[in-house]
Amino acid sequence: MTQTAEGTASSSGDTVGMAHMVRPGEVDISHGAILYVEGVTVSFDGFKALNKLSLAIDAGELRCIIGPNGAGKTTMMDVITGKTQPDAGTVFFGQTIDLLKMSEPEIAHAGIGRKFQKPTVFESHTVFENLELAMKMDKGVWSSLRYRISAEQRDRIAETLEHIQLESRAGIAAGLLSHGQKQWLEIGMLLMQDPKLLMLDEPVAGMTDAETERTAELFLSLAGRHSLIVVEHDMDFVSSIARKVTVLHEGRVLAEGPMDVIQNDERVIEVYLGR
Amino acid sequence: MSLTGYRKIALAALLFAALAPRAYALDAGAVQQLAAEDGDAKLAAINRLVTEGDVAAIGLFKAMQDDGLQIFNGRVVIVTGDGVKDAIHGETLVVPPDKLEAIVVNNRIRGALDSAIAALKLIVPQRAERLAAARAVAADAGEEMLPLIERALEKETDAEVKTLLAQAAAAIGLKSPVAERRRLAVQVLGQSENPQTKQLLAALLEKTPDGGYTEPDAAVREEAQKAIRAIDSRAVVPQLLGTVFYGLSLGSVLLLAALGLAITFGLMGIINMAHGEMLMIGAYTTYVVQALFRQYFPGAFDAYLIVAVPAAFAVSALVGIVLERGVIRHLYGRPLETLLTTWGISLVLIQLVRMLFGAQNVEVENPAWMSGGFSLGGGVVLAYNRLVIVVFAAFVVLLMWLLLNRTRLGLYLRAVTQNRAMAGCMGIPTPRVDALTFGLGSGIAGLGGVALSQIGNVGPDLGQSYIVDSFMVVVLGGVGQLAGTIIAALSLGEINKFLEPYAGAVLGKIIVLVFIILVIQKRPQGLFALRGRSAEA
Amino acid sequence: MGPIVAFFTRLYGPRGWLTLGGFIAVVLFVIPLLRLLPPEHSLHLSDYFVLLIGKIMCYAMVALAMDLIWGYAGILSLGHGLFFALGGYSMGMYLMREIGTEGQYRSHLPDYMVFLDWKEFPWYWAGSEYFWLAVLKVILVPGLLAFVFGWFAFRSRIKGVYFSIITQALTFAFMLLFFRNDTGFGGNNGFTDFKRILGFPLADPVTKTALFMITGLFLVLTLLACRYLVISKLGRVLAAIRDAEGRAMFSGYKTRDYKLFVWTLSAVMCGIAGALYVPQVGIINPSEMSPANSIEMAIWVAVGGRGTLVGPLFGAGLVNGAKSWFTVAFPDFWLYFLGCLFILATLFLPRGAIGLLDRLRRKT
């Protein structure tokens, strides 16, 4: 099991190797893709949540991932963000960064931000503090102890607050926000991390139509500068933002392509309609 | 000279006497002589009676020991609570108490009487009494008895008594000045089942301060080593079995202590720090039932457990249901708060019991059928009460399995633990299932308490001493895994008992705790937990 | 001057500093002065009173340590009594050496070692006659144990009740270990009959008052250190870990490092409290490590109000004040009271006495 993982790792690493000079901390996207998932298998007591899943995301791409319940969407995110170790397979961030060897905080530092399915913010902190905590900076214990906020950092937070339209709520506890506002705050926190890749698990669940529309606009404006992976059930939302859609089913990719092609794919229809 | 010294000499003399040809009636002259003023004359009389070898003299001697042998009008009589009898012929006499005259029995005479009784018992027809007498001789044999024991051996027909007598003779033989005699004695002792024999032999191999050995002869020492090896090798299997059994028994105790928790904590996820007190309540219920039986049905005392088991279950379950409805249900989803609250409950329960029953431990008497044990040989005895605990643990596991898998409550419980909201939607009364399940867990803890009352002290702090162990068992086995709990409890019991000879009981327990802490580091969800999304959350 | 003033004003506002100043004045001046009064004077403070307040101040330090780890980081330790006891034993070893040959057996060894027929000190007693080494051990022994234990526990992501249960098992195991005579710390009886500290006789009221003042000073310093920590970003990160550890991790915080840091710090604070406790009380034995003791520490924090620092200080004072009153006046009812406190505080005072005060203040 480990052998296959290493084997694939070296073969895909070979092409990179010394050929490009990549500064540490930078993601090497010289081949166009920012994320490679190859042959990833995760099983829980015999049940295969992911079954040799392979997937590549291009830099600057906005990819939607859909699939029925139990298709493995959340497990896939868990693997990419370091929460779950796969039984087999490789996950590379850019050409050089092996995500399977890294912990969650390290992956976050490398430039992957994740929004949970259930909006997760620090409820007893204010909205401002939430963004401050998420802001990209040295996050070690000692620097936290000595940290004082700077004027530029205040500006950045103010900017993001505006972006997610929570300026007026900056001083209240995040736990008091509405469901949709929490979703936005969480997205704002991701933006504060300045990630290269954003992974968003059901970002518009519980949002009003107007909020959903604004979210779609936000995502479209982010694409290009950032890469986004959006997992969503809301088909209207998906078709409003999607350029390329991947359908997962039983832990593997069932279909991949533009939304209109996917919508007419026989297998996809069968999976979704159950016959 | 010490009392035992007198006793040995007297015994030696009496044994001789006992083996002489027997007369068939108590010698009237000798009996009369027992009343003599002079101590030596009394001793001579005792001697003569033993020489005649009539076991009827045992009763006479016993009466004399209890100061029941007295003089009336110059006749020797036996005075009991029922009346006065002639010592020789046994006819009942009517005697005014003030006419009786005591016979003085000093310590020297008492010692002689002890020995005389022991000696006569070696020849009583009842095998059991002969066996006991032979044991006494084997345990406390002086050199002077050797010839007597050897002669008793010739007459003895029972194999077991014979072996004992032979060993008694051999133990004396060890002190013989003749090396060959000693060697033969060692050989005989090598066959012994008596655990003390090994020490006797090991003593021969000890070094004396001047550099030699206690046993000067090399051949005897070699024989002794051989004998010790023989004893050891015969003891290996029984001792191993014994350790396995006592490990199993400790495991069963842990299991009984933890099973209730496996339901309340394992299945329901409630951190019940008052679990130990449910054990305590079960134990005190047993105590009360036992006390009631002693008072009102002393004849049926041995059967009190039949009532105690359901009573303990009911009382603990009731307390559990009250707690769940009154306090715990307000804290679902807040495990740390539950922990503190239930700890508070445990303090209140402890104090309550302390006020009702006192701070001291109470005495819970085992039924008679639980005392004693079954010998495996090699000095290993399996105590019946431990055996009963193992069986009882199996019974409780079976009961629990049936309740969880064969009843509606079990079905509901499994549904509720898997998906509370869904179960509620399907019309399962989840609050009632919660209460009943917590009651079931508490009741089973009460059953554990019945078991604990039979093997240890019952006091207000009983629960506190089991709470850490119980949690360790459930956590180690994997939360929500009943089979895991069973395996964890039994293996902890075994590990503990196998470590004990090397590390001592306390250090063994510490090692086990450290082991558990390490295992949990490696497998935070316990040894047998399922891996999956739900478990990771 | 500017930055220093700013530093202090950040810690507490004027009212806070005033209260703190008042406390310092009472502990360092008023009480010592009252102690100087002759015993027959009505305002004279008895040894008992000073000991009681000194003890409660030690417990208050423990409460601060518990609040840091539980109130802010959300980790409920049921083993802090162990760190308290280890600090106490580290100091106790030094105090035992200070007895010299004045023990019952007139030996240079402690009485219990003579009793066990030991001829010399075991190796781990080496250097125990030096005060500075004792001070170092007070910090290092609980600190190292906490670090190693925490390193393993947080690495394997043991959380919530599991962590609590394991810490309870830890202190239980240590209690059993220290109960053994062979462990070399006096078994059941532990250490007692101390005579001197740094040459000053412990029975002397002046020494007692000095120890009392030092304890007060340490309490204030501990409070300020905790305050500095919780208002820093580190404090906010801790609370973030408490509320949503996953989010904190995915925001790039190595939550394990944070937890390990605060856990170890908290243990060290407990150790210091234990070291101040032992010379005042004059005894340390393994019962300090009993699970019941550690869990009682949690209730000081819960009663006062988690995550407030001041609350747990009050909680420690309140519960222990009540305890010393109850155990004299109604010994049979102390456990009822304590038990009900556990139940009522968690059921009806989720934010403790401080939360209750807040609510009352808001109503009026």
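## Chain C as a whole

Among the contacts in chain C between residues at least 6 apart in sequence, 78% link residues at least 24 apart. Keep in mind as you read that this is a predicted model.

Chain C is built with 15 helices and 4 strands. Its radius of gyration is 21 Å, close to the 21 Å that the globule rule gives for 364 residues, so chain C is as compact as a globular protein of that length. The C-alpha trace of chain C spans about 65 × 55 × 55 Å along its principal axes. Of the 364 residues in chain C, 49% are buried.

## Where chain C touches chain A

Turning to the interface, 20 residues of chain C are in contact with 23 residues of chain A. On the chain C side, the elements that contribute two or more residues are α9 (233-243), α10 (245-250) and α11 (255-281) of chain C. Helix α9(C) provides the largest share of that side, with 7 residues.

What classes of residue make up the side of chain C that touches chain A? There are 10 nonpolar, 4 polar and 6 charged residues on it.

## Two helices of chain B: α11 and α12

Two packed helices are described by the angle between their axes and the distance between the axes. In chain B, helix α11 (residues 218-267) packs with helix α12 (residues 275-296) at an angle of about 130°, and their axes are 10 Å apart.

Sorted by class, the contact of α11(B) with α12(B) has 4 nonpolar, 3 polar and no charged residues.

## A second pair in chain B: α13 and α18

Another pair in chain B joins helix α13 (residues 304-326) and helix α18 (residues 430-455), which pack at an angle of about 140° with their axes 6 Å apart. Helices α13(B) and α18(B) are therefore oblique to each other, and their crossing is right-handed.

The contact of α13(B) with α18(B) contains 14 nonpolar, 8 polar and 3 charged residues.

How values were computed
Residues numbered from 1 in each chain as written. Chains lettered and ligands numbered in written order. Predicted model: local features only at pLDDT ≥ 70, side-chain atom pairs only at ≥ 80, totals over all residues. Contact = placed C-beta atoms within 7 Å. Nonpolar A, V, L, I, M, F, W, Y, C, P; charged D, E, K, R; others polar. Rg over C-alpha atoms; globule rule 2.2 N^0.38 Å. Buried ≥ 20, exposed ≤ 12 C-beta atoms within 10 Å, placed from the backbone. Axes fitted to C-alpha atoms, helices over the stretch in contact; angles between N-to-C directions. Parallel < 35°, antiparallel > 145°, perpendicular 65-115°, else oblique. Left-handed = near helix turned anticlockwise from the far one by under 90°.
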